[in-house]
Amino acid sequence: MSDAEQRDPYAILQVHTNAVPEVIDAAYRALALIHHPDRSGEPTADAIMADLNWAYAVLREPDLRASYDSSQVAIEVEPPAADVTNATLRERVAVAADAAVERDTSNPANTVIDFGRFAGMTLRQIARTDPTYLEWLRRHSSGIRYRAQIDAVLSAMAGSRSAQPSSG
């Protein structure tokens, strides 16, 4: 492998491989100001500037950049193993059950609120994010039209909490 094949112009200019030309120009100019032999007292300034010039020459020309990019070997990434445990099966079943319930338009939990900070959300979604809001809404005058549905959702929540085994 030659020296040119080992050098990475993106690393030399300290830019991402998806950098737009303006970013490449700015990076080159900033690094050239720092490392130019006339401005820097570093003994390796000539070599650093030569690398910067080479990297900029490769990346500023679209054809040279495309040629360099296509010559890079893609890194193979092994996909994660399909490890299906009981927990993931339970989660998948729970998600499927929730989706089925959410399609049921007669379910009071699927009532959509059309006002306030939760406008556009169903009572079920509100119960998951802020159950105290449902309790407040049940008592408030703006929630009168939803009171029966809120009662059903709150009682279902209370029932599901008592049905869950306690961890202790």
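Hi everyone, let's start inside helix α4, where A45, M49, L52, A55, Y56, V58 and L59 are buried (buried means under 20% relative accessible area, exposed over 50%, partly exposed in between, with a 1.4 Å probe and protein chains only). The model is predicted, so local features need pLDDT of at least 70 and side-chain atom pairs count only at pLDDT 80 or more, while totals for chains, interfaces and linings use all residues. Residues are numbered from 1 along each chain as its sequence is written, and side-chain values use heavy atoms, with hydrogens and water left out.

Back to α4. It covers residues 45–60, 16 residues in total, and spans 22 Å from first C-alpha to last, close to the 22 Å expected (1.5 Å times one less than the number of residues). Helices here are DSSP runs of H or I with at least four residues, numbered from the N terminus. The cover over the buried residues of α4 includes α2 (9–13), α3 (21–35) and α5 (62–71).

Now, how do α3 and α4 pack? Their axes are 10 Å apart, at an angle of about 170 degrees (axes are lines fitted to C-alpha atoms over the stretch in contact, and angles run from 0 to 180 degrees between N-to-C directions). The two helices are therefore roughly antiparallel, a label for angles over 145 degrees. On the α3 side, the contact residues include I24, Y28 and L31, and on the α4 side they include M49, L52 and Y56; contact means heavy atoms within 4.5 Å.

Let's zoom in on Y28, which lies in α3. Y28 is buried, at a relative accessible area of 15%. Leaving aside neighbours within four places in sequence, Y28 is in contact with L13, M49, L52, N53 and Y56.

On to charges: how many salt bridges does the structure hold? There are 5, counting a side-chain nitrogen of Lys or Arg within 4 Å of a carboxyl oxygen of Asp or Glu. One of them joins D51 and R7 at 2.8 Å, N to O. D51 sits in α4 and R7 in the loop between α1 (3–6) and α2, so this pair ties together parts 44 residues apart in sequence. D51 is partly exposed, at 27% relative accessibility.

Another salt bridge pairs D114 with R145 at 2.9 Å, N to O. Here R145 is exposed, with a relative accessible area of 51%.

Terms used
Angles under 35 degrees count as roughly parallel, over 145 as roughly antiparallel, 65 to 115 as roughly perpendicular and the rest as oblique.
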